[in-house]
Amino acid sequence: MAPPTRQPRSGGRRKRRMAAAGDGGGGVAALMPEDMVREVLLRLPAKAAARFRAVCRPWRATLSDPRFVAAHAARRGALLVATGAPCRTSRGSGGHVDLVGLAGDVVRRTRAEEGVLELSTCGDLACVVGTDRRARVVHPVTGAGADDPLPHDLAEENKPWAGWRLEERFHAFTHAFGRASSTGEYKVLRVASLSPDLRVEQLVEVLALDRAGRAHAGARWRGMPRPPFHLAGASNAGMAVVAGVVHFLAVDIPLPFLPFEHDDDDIHHGAIARFDLDTEQWRPLLRGPLNIHQIQQDNDLSPPLLTLTELKGFLVTVHRDRSHQSSSMDLWFLIDSEEETWVKEYKIQIHLRPREFYAHPLLVLDERMIVFCVRPKGRVMVYDLEIGKCKDLGDGDCVEDGVYKGCLLSSGSVVVDNDK
């Protein structure tokens, strides 16, 4: 008689374990109420939440639900785009752009071969200007665009003579990045001159991109109407983009050096120029919330005591009263641009470390916390409005920063690591 054949195991016990894990989240999570599991997942950083989609089918469904994605974005806030510490003077020194969660975790690192001099953000894209003075529109999640510089040559109407060549240098000292409200197209604005001397006339140019932030075939910079006064740049927080309008503070320059006519009543330290990316025209000058005598800058103090930023979709002027290592600041919000109505929403006291000059606000979270970047050390910190204390998000050394307003948990986003 032939020996009985051994039947393969059915694997029923293993299948039951897998089914329990796959259908209920496994372990303790399977015993937790659904609302409690959702609340726990909402508290996760974006990087961890994206990884937890692989735990089980119910968690994947929850973490991919558009309502959960929206709730997570509101709870966790936008992510910061911070740069590393490249050499700002030598070309090719290299650097990186980090997508940083508000828990301090680096979600994505994109290599910037030419280093980073400027960084501005709009939605889920960033405009990065390297030490080669070339602008690149980069997607911080995927890294796309990091190796594709935008056109660089001056606008034809701004070239000083026939036969002017790209090799003949010009000075572009600041860039702005935003979207036209009517078409949704991205646009890059730059302020340039034919000399590094800031006292000469400034040239304003615009480069139009498509809705994905890519340059059209044959795209070129176009000359715009000249500004109403000498414009401050992003390097000293004198510029902010709000709802498709680029706002500039005036640069204090002795009047004999101004190369065009001006109105003495309008040109002062508190004046704000506004360029509309939709119409590509300058809007009427905007006056700040305080009288010029109240915000007069002490020439012995650097950086300036008046800066611009965007918070909660509003233009904000930041007024500082600095003494020793504490920095007191008032945040004034422009509620109505037509009536020039300003409201002071926050008054904050921050204690700074030695050699840290000022804290620049970047983001307001849940009306409870404000994210700052401290200059010039590049330390990013979160200020708790309820208890009046700060905590660091990292060791610092970021040379430029911005706010990422995309969502990493959306269906089209992939959270990856890239430490190269």
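Is Glu156 buried or exposed in this predicted model? Glu156 is exposed, with a relative accessible area of 52%; exposed means over 50%, buried under 20%, and partly exposed in between (1.4 Å probe, protein chains only).

This is a predicted model, in which local features need pLDDT of at least 70 and side-chain atom pairs count only at pLDDT 80 or more, while totals for chains, interfaces and linings use all residues. Residues are numbered from 1 along each chain as its sequence is written, and side-chain values use heavy atoms, with hydrogens and water left out.

**View 1. Salt bridges around Glu156.** Glu156 forms a salt bridge with Lys159, and their closest N and O atoms are 3.0 Å apart. A salt bridge is a side-chain nitrogen of Lys or Arg within 4 Å of a carboxyl oxygen of Asp or Glu. Lys159 is buried, at a relative accessible area of 17%. A network of salt bridges links Asp153, Glu156 and Lys159. The whole structure has 13 salt bridges.

**View 2. The salt bridge of Asp98 and Arg109.** The side chains of these residues, Asp98 and Arg109, meet at 2.7 Å, N to O. Asp98 is in strand E2 (residues 95–100) and Arg109 is in strand E3 (residues 106–112), so the pair ties together parts eleven residues apart in sequence. Strands (E, at least two residues) are DSSP runs, numbered from the N terminus. Asp98 counts as buried at 8% relative accessibility, whereas Arg109 is partly exposed at 24%.

**View 3. The salt bridge of Asp210 and Arg214.** Here the side chains of Asp210 and Arg214 meet at 3.6 Å, N to O. Asp210 is buried, with a relative accessible area of 17%. Arg214 counts as exposed at 55% relative accessibility.

**View 4. The largest nonpolar core.** This core has 18 residues. A nonpolar core is a set of buried Ala, Val, Leu, Ile, Met, Phe, Trp, Tyr and Cys residues joined through side-chain atoms within 4.5 Å. The residues with the most contacts inside the core are Leu189, Leu231, Val246, Phe248, Phe275 and Trp282. Two or more core residues come from each of strands E7 (171–179), E8 (186–193), E9 (203–208), E12 (245–249) and E13 (271–276). E13 gives the largest share, three residues.

**View 5. Ala243 in its loop.** Ala243 is found in the loop between strand E11 (239–242) and E12. Its phi is near 50 degrees, a positive value in a residue other than glycine. Most residues other than glycine have a negative phi. Ala243 counts as exposed at 71% relative accessibility. Ala243 and Cys122 are 121 residues apart in sequence, and their C-alpha atoms are 9.9 Å apart in space.

View 6. Glu339 lies in the loop between strand E17 (326–336) and strand E18 (341–351), and counts as exposed at 60% relative accessibility. Glu340 lies in the loop between E17 and E18, and is partly exposed at 32%. Phi of Glu340 is near 55 degrees, a positive value in a residue other than glycine.

Notes: Helices (H or I, at least four residues) and strands (E, at least two) are DSSP runs, numbered from the N terminus.
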